[in-house]
Amino acid sequence: MKNKNHFHFALIGSLIIIVLAFIQYFAEISSQNMLFRWLPTIILAGTIIWGCINYSKINDADVTFGEVFGNGFRITAIMTLIAIGFMVLFVTLFPDYKERLIEESMQAAAQQGRGGSQEDAEKALEMVSKNFMLFMVAGGLFMYLLIGVVCSLVGAAVAKKNKR
């Protein structure tokens with residue numbers, strides 16, 4: 001049986017992303033801040049690729065592409081579940097965060113000239129407010145899984161494998 005590392009990597013990567021979310025919230029850093037916008041994605045990608053490489057290493061490179069990809073996807077699945085659970089809990093515990101995110105997004109859209117009429121903006125605000133949790137969960141699920149599949153493929157490609 002192969003040595004496994006997916007749970008440890010997923011837990012560590014998720015905890016780092018959660019700490020970043022708390023820092024962003026309590027330091028009142030805008031959701032439009034480029035560092036805090038991309039850092040969780042970079043951490044997710046790095047965790048998956050590093051986990052794939054480490055999986056090959058702890059198994060003395062006696063692995064196949066599919067095994068390494070599977071390990072990377074397990075990391076993805078666990079991180080996705082933790083992230084979605086955390087996002088739901090976080091917005092539930094800190095409802096002002098939802099309002100802040102919506103307000104910052106509307107301001108950014110208006111600055112970029114995508115605001116449309118006042119009536120359209122109010123309709124959009126109402127729709128996003130009503131369906132915020134759905135959009136957040138669906139968006140998080142889609143992005144985490146998309147990034148996870150790509151990074152699992154990259155990790156499986158770069159991980160050392162003994163020729164069989």
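Modeller: Helices are DSSP runs of H or I with at least four residues, strands are runs of E with at least two, and both are numbered from the N terminus. Val158 lies in helix H6 by that numbering. The model is predicted, so local features need pLDDT of at least 70 and side-chain atom pairs count only at pLDDT 80 or more, while totals for chains, interfaces and linings use all residues. Residues are numbered from 1 along each chain as its sequence is written, and side-chain values use heavy atoms, with hydrogens and water left out.

Biologist: Why is Val158 called exposed?

Modeller: Buried means under 20% relative accessible area, exposed over 50%, and partly exposed in between, with a 1.4 Å probe and protein chains only. Val158 has 52% relative accessibility, and therefore counts as exposed.

Biologist: What makes the nonpolar patch on the surface, and which helix gives the most to the patch?

Modeller: A patch takes residues with over 30% relative accessible area and no salt bridge; nonpolar side chains (Val, Leu, Ile, Met, Phe, Trp, Tyr) are joined within 5 Å, and like charges within 9 Å. A salt bridge is a side-chain nitrogen of Lys or Arg within 4 Å of a carboxyl oxygen of Asp or Glu. Here Ile53, Phe142, Met143, Leu146, Val150, Val154 and Val158 form the patch, with about 600 Å² of accessible area together. Such areas come from the Shrake-Rupley method with a 1.4 Å probe, and for residues only the protein chains shown count as cover. Helix H6 (residues 132-158) gives the most, with six residues.

Biologist: How do you know that Phe90 and Tyr97 are edge-to-face?

Modeller: Rings of Phe, Tyr and Trp (its six-membered ring) pair if their centres lie within 6.5 Å; planes under 30 degrees apart count as stacked, over 60 as edge-to-face and the rest as tilted. By this rule there are 13 aromatic pairs. In one of them, Phe86 and Phe90 have ring centres 5.2 Å apart and planes at 35 degrees, so that pair is tilted. Both residues lie in helix H3 (residues 65-93), four residues apart, about one turn of the helix. Phe90 and Tyr97 have ring centres 5.1 Å apart and planes at 85 degrees, so the pair is edge-to-face. Phe86, Phe90 and Tyr97 belong to one aromatic cluster, which also includes Phe22, Tyr25, Phe26 and Phe94.

Biologist: What makes the largest nonpolar core, and how many residues has it?

Modeller: A nonpolar core is a set of buried Ala, Val, Leu, Ile, Met, Phe, Trp, Tyr and Cys residues joined through side-chain atoms within 4.5 Å. The largest has 23 residues, and those with the most contacts inside it include Ile17, Leu44 and Tyr144. Helices H1 (6-26), H2 (34-58), H3 and H6 each give two or more residues to this core, and H2 gives the most, with seven. Contact means heavy atoms within 4.5 Å; leaving aside neighbours within four places in sequence, Leu44 is in contact with Ile17, Met79, Tyr144 and Ile147.

Biologist: Is Asn71 buried or exposed?

Modeller: Asn71 has 0% relative accessibility and therefore counts as buried. Asn71 is placed in helix H3. Beyond neighbours within four places in sequence, Asn71 is in contact with Asn5, His6, Gly51, Cys52 and Tyr55.
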